[in-house]
Amino acid sequence: MSQNRRPLIAGNWKMNGLKADGLALAGALAERMRAAADPAFDMLVCPPFTLLASVGDALGTSGVALGAQDCHANEKGAHTADISAAMLSDIGCGFVIVGHSERRTDHGEDDEQVQAKAGAAQAGGLTAIICIGETEQERDDGKTFEVVKSQLAGSLPSGADASNTVIAYEPVWAIGTGRTPSNDEVQEVHALIRDGLSQALGADQADAVRILYGGSMKPENAKDLIALADVDGGLIGGASLKAEDFFGIAESC
Ligand code: PGA
């Protein structure tokens, strides 16, 4: 956390939630956010596509932002079942997650595609949350720095800056497992990412870009993680599905 960067607490609902669950969760978050006097964080939820409109309505003017979990690299056209950045923006989204490890694994997305999606998000007026992170094997082989550096360089589109880009460092082996790297290990990767951003965007932009940690973040470990010098919030899966836990994480900022 740094004075220069306002923490972002982002919830990735993944493929969870029917209408009633989504509305109840969004309603509870909106209520807590309205009651929070001068919160020290930005809050974002990324529900499944089916809930974007209704969750957006439930969030209303609460200050909780709306985002999606993916977008297509093209602006429009013959891409059955895909959703463009313009469509997301049109429905009230300000953010979109791209390159989540589950997309990279389930749908074979590579850095080049992630970069194209992030570029499309940018062109559509959205902030792209670009996800990167090593697998357990890569960490065991001592390749974490190499993998993270190359994913960052390969996924960052031209024109990226602090206003349209957030990076999420999510070690694949920490997602949904209850395991996390040590605080020192998290900080050293975040510092490496900041350095990579500095080379790509210049020091001023790099200093302003928010770098989130993701992977088994919960109220119990959030405070220590968010206190790290180059951690500017979290991308939260499981714990974002309960208003109490998600808000608990936010309040540790
Ligand atoms: P988790 O997921 O918090 O459930 O580990 C994080 C993510 O995949 O973004």
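Mentor: Let's begin with a polar contact, a pair of N or O atoms within 3.5 Å. Here, an N or O atom in the side chain of His-100 is 2.7 Å from an oxygen atom of the ligand.

Trainee: What should I know about the model itself?

Mentor: This is a predicted model, where local features need pLDDT of at least 70 and side-chain atom pairs count only at pLDDT 80 or more, while totals for chains, interfaces and linings use all residues. Residues are numbered from 1 along each chain as its sequence is written, and side-chain values use heavy atoms, leaving out hydrogens and water.

Trainee: Which backbone atoms lie 2.7 Å from an oxygen atom of the ligand?

Mentor: One is a backbone N or O atom of Gly-176, and another is a polar backbone atom of Ser-216. Accessible area comes from the Shrake-Rupley method with a 1.4 Å probe; the ligand taken alone exposes 280 Å², and the protein buries 95% of that.

Trainee: How many residues of each class are in the shell around the ligand?

Mentor: The shell has 4 nonpolar, 7 polar and 2 charged residues; Gly counts as polar, and Asp, Glu, Lys and Arg as charged.

Trainee: Is His-190 buried or exposed?

Mentor: Buried means under 20% relative accessible area and exposed means over 50%, using a 1.4 Å probe and protein chains only. His-190 counts as buried because its relative accessibility is 0%. The side chain of His-190 also reaches the backbone oxygen of Asp-230 at 2.9 Å.

Notes:
A polar contact is a pair of N or O atoms within 3.5 Å; within protein, one must be able to donate a hydrogen and the other to accept it, and residues adjacent in sequence count only if both atoms are side-chain atoms.
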